[in-house]
Amino acid sequence: MINRLLVANRGEIARRVFATCRALGVETVAVHSDADADAPFVAEADQAVRLPGNAPAETYLRIDLVLDAARRSGADAVHPGYGFLAENAEFAAAVTDAGLTWVGPRAKAIAAMGDKMAAKALLADAGVPMLPTWTDADQVTDFPVLVKAAAGGGGRGMRVVREAAGLAEAVAGARREAAAAFGDGTVFIERYVERGRHVEVQIFGDSHGTVVALGARDCSIQRRHQKIVEEAPGVLPPQVRERLYEAAVAAGRAVDYVGAGTVEFLLAPDGQVHFLEMNTRLQVEHPVTELTTGLDLVRLQLLVAEGEPLPLDATPPADGHAVEVRLCAEDPAQGYRPSTGTLHRFAIPGVAAEFAPAKGLRLDSGVVDGSTIGVHYDSMLAKLIAWAPTRAEAVRALAGALARAELHGVATNRDLLVRVLRSAEFGAVDLDTGFLERHPEVFAPLLPDDQLPLVALAAALASAARRRAEATVLAGLPSGWRNVPAFPQVARFTGADGGEIEVRYRLDRARALADWSVSAAGGGNGSGGESVTLVEAAPDRVVLDVDGVRRAYRVHRAGSEVFVDGPDGAASLTELPRFPLPTAELAAGSLLAPLPGAVTRVHVEVGQRVTAGDLLLTLEAMKLEHPVLAPTDGVVAELPVPAGGQVDTGAVLAVVDNSSSARRDLEPSNPEEDPR
């Protein structure tokens, strides 16, 4: 039996495995990088071993260091979580060779499915349906196609190509991204199916020859080829469901599969099923299967690893419906680039259980209040899962909990997730992998522009109440007391987009809101007069009566940052000092790093003419490439960071001169000659 288990992973999956281990009485060991030294998963383990450094390649991906940690901690088994080493056949073999119990499929099965091209050939012989696939770009004549990494998953290295002209660059970019993410830049090309649904089957096998399907999931809502919403059971015609089960079990039997695995398919609009890949590990979205089957999949993994037979030999009936969202540190104002910083508050109301297959609302999180979100690892913060007797109830409960969550300090994709869940198309199961491209309206923030003035007013009133509560001199005076009461109080903030917001308000002698106004750069201006009445103003709560309707705003402050959660959405504001110190001005046309990272390539030279949208350089952070584009026509005046250079947030990456002299330089001397 397993007595002490080392989890060769981090974040929420490490905490998830530890939760089952505690229930079973199994001792736990964590390994951690320097960046993760204070992470929740480290604190929850019975023992923890440091892996010096931060980058995955020098910490979590070092097989020798992980095995040494197992030896030093006295672990007798290793669970790889998902990602990192979970699909590394060399690691699985090394764990077994070291005399430890490997909680996962056999190394031979991992190797067979890890080479996606070889896997396709093997499973095609087993009768699993396949899409047309090519390894050489010159062979492709039928578009659109999808360029994919041959090793790894998670959407890394994927590129959709609709015309032959863009294929070479897509292959080159996919190779770079795959090499950075997986250490292997091999890619292949697959026929792209328009309006296809991404559906998958959870399978489980044991060492006694049993392979069983545990249900189907729909994972069609994706952004950048990465899943963000998953549900079980997938809403499918019965005959399609049976074909999926048969193909998935056939895939498992073809490689003598043991443990948890997922067989992924593309469901075409005509009902045809096509194999995509097999993931030889526990999936991120496994909670929806747990909530609809009542099974603890990690417990099953441990039992199978110990040589026990599976306690079931057929697909269990689905109980109710479960929907999961991936809450990620991504900044909508920056095109959903990964976001970094300190998570000052992480609170989701109504959570019934964490890391456990309980009914209701479940949270699997890798973070807590105060967690630092850096650039070294994936941007996912947590998974929130809702179970209910029906799909509609589960979707509504999940959207409501997300909308009321307090997520302060790091920008997230919360608003996008809520809008997807509340969209009529999602409710009608009108799903496919291009859902977000077809519905750009779901990218709108929850907070309407016309509600920003009320949010800013609430922030100003709460800040004034906080100052009065903290006052040590003349503490009995009302906040903002004026000998001339007609003179308004003024507070200034910057919003998430960097625009300045000015709030002016005046309280009468009875402490009532006499008048107020808010002016914001770019819109959202408003003034209240008699339509808004102040009901309550405290440092953490402001209640306003707006046209006879009371509206409560929760306010949380961290330094100069003010976070407001109201009935229509949330906003993050930064209060500006009343007497700001002078600061150096940036050169006009400066492009700043949106997050820390490394400049991988510089595509232009100083003095080069560029047009708006031209690619200037590429920044790599959180295992993704982020293009930096010219915001306007002009001339490249500065490139202060060379390829390979590291930058912090706010560093100047390039300067594009769009002055009148630069624009004159761009004009061709011959009207019929265009230098571009």
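My entries on helix packing and on cysteines follow.

**Ground rules.** I am reading a predicted model, where local features need pLDDT of at least 70, side-chain atom pairs count only at pLDDT 80 or more, and totals for chains, interfaces and linings use all residues. I number residues from 1 along each chain as its sequence is written, and side-chain values use heavy atoms, with hydrogens and water left out.

**Helix pair.** I looked up α3 (residues 63-73) and α4 (residues 89-97), whose axes lie 11 Å apart at an angle of about 30 degrees. That makes α3 roughly parallel to α4 (angles under 35 degrees count as roughly parallel). Helices here are DSSP runs of H or I with at least four residues. Axes are lines fitted to C-alpha atoms over the stretch in contact, and angles run from 0 to 180 degrees between N-to-C directions.

Next I listed who touches whom, with contact meaning heavy atoms within 4.5 Å. From α3 come Ile63, Val66 and Leu67, and they meet Glu90, Phe91, Ala94 and Val95 of α4. By class, I find six nonpolar, no polar and one charged residues in this contact (Ala, Val, Leu, Ile, Met, Phe, Trp, Tyr, Cys and Pro count as nonpolar, Asp, Glu, Lys and Arg as charged, the others, Gly among them, as polar).

**Cysteines.** How many disulfides does the structure hold? I get zero, taking a disulfide as a pair of cysteine sulfur atoms within 2.5 Å. For Cys219, the nearest cysteine sulfur is that of Cys328, 14 Å away. Cys219 is buried, with a relative accessible area of 0% (buried means under 20%, with a 1.4 Å probe and protein chains only). Cys328 is buried too, at 8%.

How values were computed: Helix = DSSP H or I, 4+ residues; strand = E, 2+ residues; numbered from the N terminus. Parallel < 35°, antiparallel > 145°, perpendicular 65-115°, else oblique. Buried < 20%, exposed > 50% of the residue type's maximum accessible area, 1.4 Å probe, protein only.
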